[in-house]
Amino acid sequence: MSQDNTLAWSAGTALQWSDFEAEPHPGLYQDAKAIIRYNCTWNVESHDIDDTLSFSIRNIRLNTLFVKNLSWARINMVDECLLNHMQGCFDLAECLRPDMESALTQKFEYNLYPVRGGTMEEQTQNSMHDSRVVLGALQQIHDTLDAKIAQYQTDTRYGENESGQAVYDQRFSKIK
């Protein structure tokens, strides 16, 4: 994802309505939609065990991103309550990030994968390419994230349920 199209989560990052760059979706009920994704990075290590080349995936890291060019708001219908709720979608993803990162780590970090290729250059290139198996699992992580955000939106009625929103806001205050 392009740096210009995303905002990385940090304790000091506060969404603004100007961050919602996409055109509003006419067929959806809500007045705003925040698209949140994880960017995934990892290291590949080579191993030569009994003359058998293999690689492993190490140091899997997720970064929480707000995708500006896919997020939208009906500017004439929004208020601070809804912006706080949209910030909550972003904060929720960050709250979940350590568990998501741990799930990926458990799935991949202790496995050895065979190396393909006849030359050292081919083997290095194939190992990097084959390590992208992590990205397939990332789709499951995003599906889980989307379900958790949908539950958050239901629990808070898009920020209109003050007591429901307050419960989540208390949780989010622990990461800021």
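Contact here means heavy atoms within 4.5 Å, and helices (H or I, at least four residues) and strands (E, at least two) are DSSP runs numbered from the N terminus. The model shown is predicted, so local features need pLDDT of at least 70, side-chain atom pairs count only at pLDDT 80 or more, and totals for chains, interfaces and linings use all residues. Residues are numbered from 1 along each chain as its sequence is written, and side-chain values use heavy atoms, with hydrogens and water left out.

View 1. H3 has 24 residues and reaches 36 Å from its first C-alpha to its last. That is close to the 34 Å expected at 1.5 Å a residue, where the expected span is 1.5 Å times one less than the number of residues. Look for its buried residues, among them Val134, Leu138, Ile141 and Leu145; buried means under 20% relative accessible area, exposed over 50%, and partly exposed in between (1.4 Å probe, protein chains only). The buried residues of H3 pack against strand E3 (36-49), strand E4 (52-67), helix H1 (80-108) and H4.

**View 2. Histidine 142 in helix H3.** Histidine 142 sits in H3 and is buried, with a relative accessible area of 8%. Leaving aside neighbours within four places in sequence, histidine 142 is in contact with Arg37 and Tyr38. Histidine 142 and tyrosine 38 are 104 residues apart in sequence, yet 7.5 Å apart in space, C-alpha to C-alpha.

**View 3. Helix H3 meets helix H4.** H3 (residues 133-156) and H4 (residues 162-173) pack at an angle of about 135°, with their axes 7 Å apart. Axes are lines fitted to C-alpha atoms, for helices over the stretch in contact, and angles run from 0 to 180 degrees between N-to-C directions. The two helices are therefore oblique to each other (under 35 degrees is roughly parallel, over 145 roughly antiparallel, 65 to 115 roughly perpendicular, and the rest oblique). Gln151, Tyr152, Asp155 and Thr156 in H3 meet Gly164, Gln165, Tyr168 and Phe172 in H4.

**View 4. An aromatic cluster.** Trp17, Phe20, Phe66 and Phe90 form one aromatic cluster. Rings of Phe, Tyr and Trp (its six-membered ring) pair if their centres lie within 6.5 Å; planes under 30 degrees apart count as stacked, over 60 as edge-to-face and the rest as tilted. By this rule there are eight aromatic pairs. The rings of tryptophan 17 and phenylalanine 20 have centres 5.0 Å apart and planes at 50°, so this pair is tilted. Both tryptophan 17 and phenylalanine 20 are buried.
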